[in-house]
Amino acid sequence: MLRPTLLSASALVVAIVTGFLVPGAHAQGSRTCKQLIASGNPEYPPFLWVNPNDDKVLHGANAELMQLLSREIGIPILVRNAGPWARVQEAAKAGRVDLIAGAFHTLPRRLYMSYFPQPFYQTRSVVWSREGKALNYSKWQDLVGLNGITVVNNSFGEDFDRFAEQRLTMQTVGSVENALRMLSMGRADYLIYEEAPGQAFAARLGIRNIRVATTPVSREPLYLTLTHQSPCFSPQLYERINKAMKKLIDSNVMDELVSTHSERWQNLRSN
């Protein structure tokens with residue numbers, strides 16, 4: 001996978017199309033990587049959230065997964081808050097962070113980071129609407145003509161993203177908290193956001209007049225990525241992390257981490 005000259009023609013095509021082939025132009029094979037910086041969406045409980053005692057650090061299920069990965073590969077991984085999700089992606093492009101601990105697979109993101117092939121979790125992105133305001137959602141077309149809202153730089157799968165760009169009227173805002181408040185106050189007909197983080201923030205904000213449609217907009221796999229401009233980027237490191245992640249994923253560790261950190265988030269916000 002990491003040496004295109006050894007791949008069959010068909011395997012090489014699959015690797016290029018899926019975006020999981022590491023670009024050889026960025027290989028730093030002779031370097032020793034002594035530390036990795038991971039980041040991600042800081043408004044993403046139970047997966048990631050900002051440490052209330054240190055706003056430079058992220059907590060959550062994905063952060064703990066990075067610590068387990070660190071033990072497997074023998075390299076310290078610091079899970080840092082690089083700012084809002086849009087800024088995190090800019091930091092990834094610039095190589096200021098090495099790993100993104102939780103990203104959906106999109107074509108634009110493949111230009112500046114390599115995905116590890118096996119997703120570590122499956123998420124549901126859903127339609128939120130106000131109670132008492134009829135919104136019978138069962139398919140994407142049901143949203144046409146309505147005023148939607150979502151969080152800037154979020155993706156809900158390439159197919160839906162394309163449909164939304166072509167057919168939907170959707171405003172973007174800087175945070176899920178603002179989006180939930182706007183929906184609750186009737187300033188949008190619907191909100192598109194992931195189910196677990198949305199529920200976590202709604203509970204924190206005390207918003208009770210919104211509901212989730214039964215049919216999801218999409219079910220998207222969540223991946224770990226290695227940024228191309230990382231000073232640690234190399235085929236050797238990629239393969240080392242890939243092997244370790246496969247071991248962790250096969251052990252189903254994320255189910256336990258998500259459950260544990262969902263409880264921790266709620267306890268944190270209730271104290």
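This is a predicted model: local features need pLDDT of at least 70, side-chain atom pairs count only at pLDDT 80 or more; totals for chains, interfaces and linings use all residues.
Student: Okay, so why are α6 and α7 called roughly perpendicular to each other?

Tutor: The axes of helix α6 (residues 176-184) and helix α7 (residues 195-205) cross at roughly 70° and come within 10 Å. Perpendicular runs from 65 to 115 degrees, so α6 and α7 are roughly perpendicular. The crossing of α6 past α7 is right-handed.

Student: Which residues make the contact between α6 and α7?

Tutor: On the α6 side you have Val-176, Glu-177, Leu-180 and Arg-181, and on the α7 side Gly-198, Phe-201, Ala-202, Arg-204 and Leu-205. By class, that contact has 5 nonpolar residues, 1 polar and 3 charged.

Student: What makes α6 largely enclosed by the rest of the structure?

Tutor: Count the buried ones: 7 of the 9 residues of α6 are buried, so the rest of the structure largely encloses this helix. The buried set is Val-176, Glu-177, Ala-179, Leu-180, Met-182, Leu-183 and Ser-184. Just after α6 comes Gly-186, with a positive phi of about 80°.

Student: Moving on, what is the relation between α2 and α8, parallel or oblique?

Tutor: Helices α2 and α8 pack at an angle of about 120°, with their axes 9 Å apart. Perpendicular stops at 115 and roughly antiparallel needs over 145, so α2 is oblique to α8. Here too the crossing is right-handed, with α2 passing α8.

Student: What meets what there?

Tutor: In α2 it's Leu-65, Leu-68, Leu-69, Glu-72 and Ile-73, and they meet Arg-240, Ile-241, Ala-244, Met-245, Lys-247 and Leu-248 of α8. This contact splits into 8 nonpolar residues, no polar ones and 3 charged.

Student: Take Leu-68. Why does Leu-68 count as buried?

Tutor: Buried means under 20% relative accessible area. Leu-68 has 17% relative accessibility, so Leu-68 counts as buried. This leucine is in helix α2 (residues 61-73), and beyond its sequence neighbours up to four places away, Leu-68 touches Leu-248, Val-253 and Leu-257.

Student: How far apart are Leu-68 and Ala-244, in sequence and in space?

Tutor: They sit 176 residues apart in sequence, but their C-alpha atoms are 9.2 Å apart. Across the protein, 74% of contacts between residues at least 6 apart in sequence join residues at least 24 apart.

Student: And Asn-242, buried or exposed?

Tutor: The cut-off for buried is under 20%. Asn-242 has a relative accessible area of 16%, so Asn-242 is buried. You'll find Asn-242 in helix α8 (residues 235-250), touching Phe-116 and Pro-117 once residues up to four places away in sequence are left aside.

Student: Now helix α3 (residues 85-94). Which of its residues are buried?

Tutor: Trp-85, Val-88, Gln-89, Ala-91 and Ala-92.

Student: How do you know which side of α3 they are on relative to one another?

Tutor: From the arc they cover around the axis: it is only 155°, so they lie on the same side of α3. Among the elements covering them are β1 (36-39), β6 (99-103), α4 (107-110) and β13 (218-227). After α3 comes Gly-95, with a positive phi near 80°.

Note on methods. Residues are numbered from 1 along each chain as its sequence is written. Side-chain values use heavy atoms; hydrogens and water are left out. Helices (H or I, at least four residues) and strands (E, at least two) are DSSP runs, numbered from the N terminus. Buried means under 20% relative accessible area, exposed over 50%, partly exposed in between (1.4 Å probe, protein chains only). Contact means heavy atoms within 4.5 Å. The arc is that of the directions from the helix axis to the C-beta atoms. Axes are lines fitted to C-alpha atoms, for helices over the stretch in contact, and angles run from 0 to 180 degrees between N-to-C directions. Angles under 35 degrees count as roughly parallel, over 145 as roughly antiparallel, 65 to 115 as roughly perpendicular and the rest as oblique. A crossing is left-handed if the near helix is turned anticlockwise from the far one by less than a right angle, and right-handed if clockwise. Ala, Val, Leu, Ile, Met, Phe, Trp, Tyr, Cys and Pro count as nonpolar, Asp, Glu, Lys and Arg as charged, and the others, Gly among them, as polar.
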